[in-house]
Amino acid sequence: MRVLALDMGTKRVGIAVSDPDGRVATPLKVVTDPLGQGAREIVALVKRYEVGTVLVGLPVSLSGDEGEQARLVRSQAEKLARLLPVPVEYWDERLTTEQAHRAMMESGVPGRKKKELVDMIAATIILQGYLDRTAGP
């Protein structure tokens, strides 16, 4: 079963998808307008890739508390969930944006490209963490 992961922001959503066996995360794209056209694109991707679960990165604090940003993401995800034919799950995304920035810096991605890619790379990191944690023996 494929999983689609979302790194949700107010302006952009990074998207990654797993392979059919649910073992490897692959960056897919970034959409804008998360509650408008972007939501419609996400719904289309769920159908196109025959996704079984949508995973939303939840930005909790280092202590594990949910602050204002986490509440905003939950609100957006709940609105999106009403459009989706599959369940939505949440995954702790602490430090994934920092990891994405570090990975791009180490691979030499130019500064102007970073803004376009960071959300997609963060979604991939979120998804791979989930896949690694939930993989069978």
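## Exercises on a predicted protein model

Among contacts in the protein chain between residues at least 6 apart in sequence, 61% join residues at least 24 apart. The structure is a predicted model, and the exercises below examine the chain as a whole and then selected residues.

### Exercise 1. The chain as a whole

Task: State how many helices and strands the protein chain has, and in what order the elements run.

Solution. 
- Step 1. The count gives four helices and five strands.
- Step 2. Read from the N terminus on, the order is β-β-β-α-β-α-β-α-α.
- Step 3. For the surface, the protein chain exposes about 7500 Å², and carbon and sulfur atoms supply 51% of that area.
- Step 4. For the interior, 42% of the 137 residues count as buried.

### Exercise 2. A residue of helix α1

Task: Locate Val-46, decide whether Val-46 is buried or exposed, and list its contacts beyond four places in sequence.

Solution. 
- Step 1. Val-46 belongs to helix α1, which spans residues 37-48.
- Step 2. Its relative accessible area is 3%. Buried means under 20%, so Val-46 is buried.
- Step 3. With neighbours within four places in sequence left aside, Val-46 is in contact with Leu-4, Val-51, Val-54, Leu-84, Pro-85 and Val-86.
- Step 4. Val-46 can also be related to Val-3: the two are 43 residues apart along the chain, and their C-alpha atoms are separated by 8.7 Å.

### Exercise 3. Two residues of helix α4

Task: Describe the surroundings of Thr-124 and the position of Ile-126.

Solution. 
- Step 1. Thr-124 lies in helix α4, residues 111-134, and Ile-126 is found in helix α4 as well.
- Step 2. The relative accessibility of Thr-124 is 13%, so Thr-124 counts as buried. Ile-126 is also buried, at a relative accessible area of 1%.
- Step 3. A polar atom of the Thr-124 side chain lies 2.9 Å from the backbone oxygen of Met-120.
- Step 4. Apart from its neighbours within four places in sequence, Thr-124 is in contact with Ala-16, Ala-25, Thr-26 and Pro-27.
- Step 5. Although Ile-126 and Asp-7 are 119 residues apart along the chain, their C-alpha atoms are separated by 7.8 Å.

### Exercise 4. Positive phi in two loops

Task: Find where Asp-33 and Glu-50 lie, and state the phi value of each.

Solution. 
- Step 1. Asp-33 is in the loop between β3 (25-32) and α1, whereas Glu-50 is in the loop between α1 and β4.
- Step 2. Asp-33 has a phi near 55°, a positive value in a residue other than glycine. Glu-50, which is not a glycine, has a positive phi of about 50°.
- Step 3. Asp-33 has a relative accessible area of 42% and is therefore partly exposed.
- Step 4. Glu-50 has 66% relative accessibility. Exposed means over 50%, so Glu-50 counts as exposed.

### Exercise 5. The largest pocket

Task: Give the volume of the largest pocket, and describe its lining by number and by class of residue.

Solution. 
- Step 1. The volume of the largest pocket is about 170 Å³.
- Step 2. The lining is made up of 11 residues. Those nearest the centre of the pocket are Met-8, Gly-9, Thr-10, Arg-12 and Asp-119.
- Step 3. Sorted by class, the lining has two nonpolar, four polar and five charged residues.

Definitions and conventions
Residues numbered from 1 in each chain as written. Predicted model: local features only at pLDDT ≥ 70, side-chain atom pairs only at ≥ 80, totals over all residues. Heavy atoms only, no water. Buried < 20%, exposed > 50% of the residue type's maximum accessible area, 1.4 Å probe, protein only. Polar contact = N/O pair within 3.5 Å; in protein donor to acceptor, adjacent residues only side chain to side chain. Contact = heavy atoms within 4.5 Å. Areas by Shrake-Rupley, 256 points an atom, 1.4 Å probe, with all protein chains shown as cover. 1 Å grid on protein atoms, 1.4 Å probe; cavity = no way out; pocket = protein on both sides within 12 Å on 5 of 7 lines; lining within 4 Å. Points joined across faces, edges and corners; volume = space filled by probe spheres on them. Nonpolar A, V, L, I, M, F, W, Y, C, P; charged D, E, K, R; others polar.
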